[in-house]
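Please read them with the coordinates open.

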2 protein chains.
Amino acid sequence: MTARATTTTRARTTTTTTTTRAAIGRRRAREPNARRRGDACVRYNTPAGVGRKADDPLGVFRLEYDISMDEAHRPKTWKPTVTVAVSGAAGQISNHLLFKIASGSVFGHDQPVVLRLLGSERSRQALEGVAMELEDCLFPLLREVDIGIDCRKVFAGADWALLIGAKPRGPGMERGDLLEMNGAIFVDQGKALNEVAKPTCKVIVVGNPCNTNALIALSHAPNLDPRNFHALTKLDENRAKCQLALKAGVFYETVSNVVIWGNHSTTQVPDFVNAKIDGKKATEVITDQDWLENDFTPAIQTRGGLLIKKWGRSSAASTAVSIADHIRNLVNPTPEGDWFSTAVLSNGNPYGIQDGIVYSFPCRSKGDGSYEIVPGLEVNDWLRERMKKSEEELTSEKGCVGHLVGEAHVDVPDAGCPVDLEDTLLPGEM
Amino acid sequence: MTARATTTTRARTTTTTTTTRAAIGRRRAREPNARRRGDACVRYNTPAGVGRKADDPLGVFRLEYDISMDEAHRPKTWKPTVTVAVSGAAGQISNHLLFKIASGSVFGHDQPVVLRLLGSERSRQALEGVAMELEDCLFPLLREVDIGIDCRKVFAGADWALLIGAKPRGPGMERGDLLEMNGAIFVDQGKALNEVAKPTCKVIVVGNPCNTNALIALSHAPNLDPRNFHALTKLDENRAKCQLALKAGVFYETVSNVVIWGNHSTTQVPDFVNAKIDGKKATEVITDQDWLENDFTPAIQTRGGLLIKKWGRSSAASTAVSIADHIRNLVNPTPEGDWFSTAVLSNGNPYGIQDGIVYSFPCRSKGDGSYEIVPGLEVNDWLRERMKKSEEELTSEKGCVGHLVGEAHVDVPDAGCPVDLEDTLLPGEM
């Protein structure tokens, strides 16, 4: 079964510093011992001329090289390779997440992956460092790494797009400015996904304001299923479970059925009404109604800010874990009777939330990457009032970026942008 | 099977900022619904008075709290909990490693763990942040987190001690000074392990100079098996495999039987003579002898320095992965015919390396945490000359810290400390 080592190919062509080759992704399979490109290939895209010395001892600064791999080594049980594009790939969150994905712990230990890393001109060197480190880890499932700064190239053929990068708020910048500035990024990335990603691509937006960024992106990607756009509220859900466990004096794994409703902002609604602890209603286990109504939500919302104070920077590791959890929620069947939180397009939801916004709902999945909103949760007056407020905020955010979703294929009324948009960004987030 | 939620206990006693309570670790098992302490317990040790306000909405600044857990929730297939102590726990390498350990990907998905994090007074806040983030991740296997700055408390009952923390070299500091300064740390940590860790504790030293630090630590821990002290050369092995794969034009998983001999320094000897690619001798696949002899080793050694240039800091993620790999090498049976690298006490080795130093050898494990040095590898003249040089360096390092290993139970000749100790720290390491 062992085949001969195949030949090495290194295309030492020059390139500019501003473009990245898209991965080739073709394979000449079936021919025994044929050289195959793209199956197992790590590419670095470096400025022309760097590392071209014949005596370069390192072997890592080549413009491009392929590591061909004999198919005999690939377990027959492996699934077809998935391509995962990640923006903000040189950042702290990605630095945790990429190694988790490459290890197989996110998509599964039978799921080979290609990682396509999107950075900026400024982060190019760091991106190269990330790719080198990924290579040094010898992850068997990591079949290819590609880096670049042009989303139209990096997103090519993506099965998943994890949009982590966003511009942080500058000094004196209003929330409206932030929406506008990041909106422009997500217009571009939405269009790029539309042009080059697979039509079945799943998109998870982490960069804030993530709900409205997701709405903008999906508005510009009519080739993709708008239901496949998500904004991350899983970290909020995890923190909510932890705080309920702490209050109840139980271990966190006994807490289930927690949903975050609405916007990933200070108007978010962590739901204790439907939450369960050890299979019982959380409100029967935690009888301190004052805590539930007045302390529980702030405990979740201020967690990020607290961590910045403690740790000196935002919570990259636990955010990365929550993104991994979000993906696992979609690629594994949801346990019977449970649900998870994800902010998705509200169209046709069973809770009376208006269509055309990206709102966090209780969802469940068959494990095929899709999901459905779980109907029938109890919405009492306390919840309804707050869910409405978050809905109104999202409508207002949408009004502020109306010109960015104007051509959207999702047609909804425009609520306009209030002059003084309240700052509802969660503390500790940018 | 579901049991009632148990009561919450929060001991709001005061403490000083310089001590940490050891985990209680007792359980009142078997009694239905009994309150159990220590089984699932996250402790934060904060300065007295902080977060004691009755209206504190966060629930995280308590001096101590327990999350009791009903045993019914604990799968019967789980192994007994292991306690893992980690020094340098607020640092970058740990920030990657701790979340991997807590997730179950290192010790196995049936292996509950307790994490005990050792930091310094300066890093106390960051340690608290790490503990909070670990909690937010809801890892089911993570049964307890404890933080502190006193190694005699943090190491209590440890099954594993991962000694990542070390002092970096200051400006103008000679290598001898570095050995001396870090030696003092490892004298103290060795003594602490001797006093409070389990006699079966496995110790992996990552802080540099790691071989000699490991020797110092084991010299002061006569209650522990000296064979259970390791210094990390797995990252070098991983990098070596990657470079061989790259040169051969094959995927890295086809490279096996790579060993790093000697010291984790510039005198290390990455072994291409015994390496295999696709089951064949690497020297038959890679016929460029000049590259093997002259370029291969520098490619590995300069990798860390390169990554610092690229990434702006040292390679935390891939180092953490290599520590995880090292642990997995010990807790899983080694594939038939293969081996891994770890620097261990040289006593009785089959390669003629003198006793009483910590030297990296090819090893294999039955998967029970122990190992044996694999005999019978080919040592040609090229290898022997370089292996000898690394041996001499380790003898020399030992001479420099002779007063720190003077009371060692491992008795070996002292080679003395040369006046001008060559700087052989790997570039990019501190």
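The points below begin with conventions and then take up separate regions in turn.

1. This is a predicted model, in which local features need pLDDT of at least 70 and side-chain atom pairs count only at pLDDT 80 or more, while totals for chains, interfaces and linings use all residues. Residues are numbered from 1 along each chain as its sequence is written, chains are lettered from A and ligands numbered from 1 in the order in which they are written, and side-chain values use heavy atoms, with hydrogens and water left out.

2. Strand S3 (residues 113–118) of chain A has six of its six residues buried, so it is largely enclosed by the rest of the structure; buried here means under 20% relative accessible area, with a 1.4 Å probe and protein chains only. From S3(A), A:Val113, A:Leu115 and A:Leu117 point one way, whereas A:Val114, A:Arg116 and A:Leu118 point the other way. Strands are DSSP runs of E with at least two residues, and helices are runs of H or I with at least four, numbered from the N terminus.

3. On pairing (at least two DSSP bridges between two strands), strand S2 (residues 82–87) of chain A runs parallel to S3(A) and is joined to it by six bridges, with A:Ala85 opposite A:Arg116. Between S2(A) and S3(A) the chain passes through helix H1 (residues 92–103) of chain A in a right-handed β-α-β crossover, that is, one whose path from the first strand over the helix to the second runs clockwise with the strands pointing away from the viewer.

4. S3(A) also pairs with strand S4 (residues 142–148) of chain A, in the parallel sense and over six bridges, and A:Val114 has A:Glu144 as its bridge partner in S4(A). Together with helix H2 (residues 124–136) of chain A, S3(A) and S4(A) make a right-handed β-α-β unit.

5. A:Lys241, which is found in helix H6 of chain A, deserves a look. Is this residue, A:Lys241, buried or exposed? A:Lys241 is buried, at a relative accessible area of 10%, and, leaving aside neighbours within four places in sequence, A:Lys241 is in contact (heavy atoms within 4.5 Å) with A:Val255, A:Ser256, A:Val258 and B:Leu138.

6. In chain B, three strands form an open sheet in the order S8-S11-S12 with antiparallel pairing. Strand S8 (255–256) and strand S12 (280–281) of chain B stand at the edges with a single partner strand each, so one side of each is left without a neighbour in the sheet. B:Ile277 has B:Lys280 as its bridge partner in S12(B).

Technical notes. Buried means under 20% relative accessible area, exposed over 50%, partly exposed in between (1.4 Å probe, protein chains only).
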